[in-house]
Amino acid sequence: MAADQTGDKALDNKMNVLQSTQTIIQDALDKLGYSDEVYELMKEPIRMMTVRIPVRMDDGSIKIFTGFRAQHNDAVGPTKGGVRFHPNVTETEVKALSIWMSLKCGIVDLPYGGGKGGIICEPRDMSFRELERLSRGYVRAISQIVGPTKDIPAPDVFTNSQIMAWMMDEYSRIDEFNSPGFITGKPLVLGGSHGRESATAKGVTICIREAAKKRGIKLEGARVVVQGFGNAGSFLAKFMHDAGAKIIGISDAYGGLHDPEGLDIDYLLDRRDSFGTVTKLFDDTISNKELLELDCDILVPAAIENQITDENADKIKASIVVEAANGPTTLEATKILTERGILLVPDVLASAGGVTVSYFEWVQNNQGFYWTEEEVEERLEKVMVRSFNNIYDTATNRNVNMRLAAYMVGVRKMAEASRFRGWI
Ligand SMILES: NC(=O)c1ccc[n+]([C@@H]2O[C@H](COP(=O)([O-])OP(=O)(O)OC[C@H]3O[C@@H](n4cnc5c(N)ncnc54)[C@H](O)[C@@H]3O)[C@@H](O)[C@H]2O)c1
């Protein structure tokens with residue numbers, strides 16, 4: 001799991017993340033010529049539910065957990081987004097994440113708005129059965145506002161296909177109907193989709209390839225640094241390695257590894273644990289700060305938020321930065337990187353492969369007709385290439401950076417749908 005910061009710093013970061021998202025949405029709407037009312041509608045979720053979930057623990061005691069479900073905007077279609085299990089989950093964070101989901105859905109042109117959920121808990125200290133009771137309790141608590149045509153959850157930090165299976169089963173019992181389309185990221189035998197697990201990294205890989213073309217960089221032999229070696233970072237390192245790039249640096253929460261000749265990615269994948277930790281096995285490590293400043297062609301932050309800030313943006317040596325993580329670059333740092341001519345591919349575009357394949361899963365569930373891995377990959381490729389070029393061209397034509405261009409594309413369909421519905 002990615003975000004392991006604690007205390008005031010983590011809270012500040014979450015507040016900053018919501019505020020910067022709102023600032024860019026306002027800029028995007030201004031550029032598109034929308035009125036202030038549109039911003040008033042978009043700056044917060046239209047629906048936010050807080051629930052209290054009693055769970056019988058294995059020792060017989062009852063613990064009450066707090067959970068959230070945010071639905072940002074459902075003008076385009078049902079809302080969609082993951083559920084996070086983490087001790088640092090806050091209402092502010094869930095709100096910001098639901099807005100990002102709306103933007104991602106707009107950017108890759110899915111018939112969805114954004115949603116997000118979270119439960120304040122420490123899943124690493126809970127048993128399998130306690131996690132099952134918590135997952136089922138959450139679904140019972142939010143059942144009135146979710147459903148295959150209302151709001152479709154998915155996995156996020158510390159939730160997985162087993163948790164999706166319990167949630168789908170609980171919803172199916174409440175609904176008295178088998179409802180695979182209620183949730184995505186399910187196991188294959190319960191209507192999951194091929195290619196879902198590696199979809200985010202696949203989408204990031206496609207964005208890197210397209211960005212490299214724009215900058216005249218050949219992937220064969222390109223020097224790549226990846227911060228974070230979890231779901232997103234490790235699959236990405238493998239895909240880039242297979243594409244002939246040289247992965248000269250990787251890191252996890254405990255430090256980084258650097259080899260200018262290229263690291264042995266298959267070996268590292270073999271040795272990493274389920275939390276994306278591998279550097280503890282080595283003595284000769286560098287810090288995450290040093291890792292970000294390594295001389296390379298392509299830098300991919302794939303760990304946590306606020307990693308490239310006004311303190312290190314002028315030391316970044318990469319020509320291309322592709323954000324696999326959510327919110328790794330601050331607003332000030334985005335400005336500095338842009339002024340320095342570094343091509344920054346923003347999170348809301350680069351990491352949209354996950355929700356795209358979630359959408360494919362939902363479509364397959366609705367049709368009751370399932371696709372092969374090749375079909376999923378072919379469709380994902382088309383969506384990501386089209387979306388990358390749309391944002392790149394918007395940035396060029398409007399003379400703005402790719403982040404602002406992505407927000408402009410991301411909010412437009414939502415604003416138009418809200419207008420046609422007569423909301424604004
Ligand atoms: N997995 C997805 O499908 C997906 C989709 C969209 C966005 N993202 C974003 O990508 C990022 C990574 O997600 P993930 O699913 O790979 O998470 P993960 O938990 O599987 O892996 C996170 C990695 O980051 C490392 N890390 C944690 N704290 C760190 C720190 N302070 N410095 C450096 N490394 C640190 C961890 O050790 C681990 O290697 C997150 O921002 C997430 O929101 C993931």
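Is Phe-158 buried or exposed? I counted 23 other C-beta atoms within 10 Å of Phe-158, so I put this residue down as buried. The model I am working from is a predicted one.

**Entry 1**

I located Phe-158 in the loop between β5 and α5. I then looked up its phi, which is near 65 degrees, a positive value in a residue other than glycine. I noted this since most residues other than glycine have a negative phi.

**Entry 2. Helix α5**

I moved on to α5, which runs over residues 161-175. I took its length as 15 residues, with 20 Å from the first C-alpha to the last. That is close to the 21 Å expected at 1.5 Å a residue. I listed the buried residues of α5 as Ile-163, Met-164, Ala-165, Met-167, Met-168, Glu-170 and Tyr-171. What covers them? I found that the cover of the buried residues of α5 includes α4 (128-142) and β5 (151-155). Just after α5 I came to Glu-176, which takes a positive phi of about 55 degrees.

**Entry 3. Helix α4**

I turned to α4, as part of the cover of α5. α4 has 15 residues and reaches 22 Å between its first and last C-alpha, close to the expected 21 Å. I recorded Leu-131, Arg-133, Leu-134, Ser-135, Arg-136, Gly-137, Tyr-138, Val-139 and Ile-142 as its buried residues. I note that two arginines, Arg-133 and Arg-136, are in that list. The buried residues of α4 pack against the strands β1 (47-56), β2 (62-71) and β4 (113-120), and against α5.

**Entry 4. Gly-368**

I next looked up Gly-368, which lies in the loop between α12 (353-367) and α13.

**Entry 5. Helix α13**

How far apart are the end C-alpha atoms of α13? I read 37 Å, which agrees with the 38 Å that its 26 residues should span at 1.5 Å a residue. I wrote down its buried residues as Val-376, Leu-380, Val-383, Met-384, Ser-387, Phe-388, Ile-391, Tyr-392 and Ala-395. These pack against α3, α6 (199-214), α11 (347-350), α12 and α14.

After α13 comes Asn-399, whose phi is positive, near 55 degrees. I placed Asn-399 in the loop between α13 and α14. It has 8 C-beta neighbours inside 10 Å and therefore counts as exposed.

**Entry 6. α13 against α14**

Two packed helices are described by the angle between their axes and the distance between the axes. I looked up both for α13 (residues 373-398) and α14 (residues 402-420): the angle is about 110 degrees and the axes are 8 Å apart. That makes α13 roughly perpendicular to α14. I noted the crossing of this pair as right-handed. From α13, the contact is made by Asn-390, Ile-391, Tyr-392, Thr-394, Ala-395 and Arg-398. From α14, Met-402, Ala-405, Ala-406, Met-408 and Val-409 take part. I sorted the residues of this contact into eight nonpolar, two polar and one charged.

**Entry 7. α3 against α14**

I then took α14 with α3 (residues 91-107), and read an angle of about 90 degrees with the axes 7 Å apart. α3 and α14 are therefore roughly perpendicular to each other. On the α3 side I listed Ser-102, Leu-103, Gly-106 and Ile-107. On the α14 side I listed Ala-406, Tyr-407, Val-409, Gly-410, Val-411, Arg-412, Lys-413 and Met-414. The classes here are seven nonpolar, three polar and two charged residues.

**Entry 8. α6 against α12**

Last, I looked up α6 and α12, which pack at about 125 degrees with their axes 7 Å apart. The two are therefore oblique to each other. α6 passes α12 in a right-handed crossing. I found Ala-199, Thr-200, Lys-202, Gly-203 and Val-204 of α6 meeting Gly-353, Gly-354, Thr-356 and Val-357 of α12. I classed the residues of this contact as three nonpolar, five polar and one charged.

Definitions and conventions:
Residues numbered from 1 in each chain as written. Predicted model: local features only at pLDDT ≥ 70, side-chain atom pairs only at ≥ 80, totals over all residues. Helix = DSSP H or I, 4+ residues; strand = E, 2+ residues; numbered from the N terminus. Expected span 1.5 Å × (residues − 1). Buried ≥ 20, exposed ≤ 12 C-beta atoms within 10 Å, placed from the backbone. Contact = placed C-beta atoms within 7 Å. Axes fitted to C-alpha atoms, helices over the stretch in contact; angles between N-to-C directions. Parallel < 35°, antiparallel > 145°, perpendicular 65-115°, else oblique. Left-handed = near helix turned anticlockwise from the far one by under 90°. Nonpolar A, V, L, I, M, F, W, Y, C, P; charged D, E, K, R; others polar.
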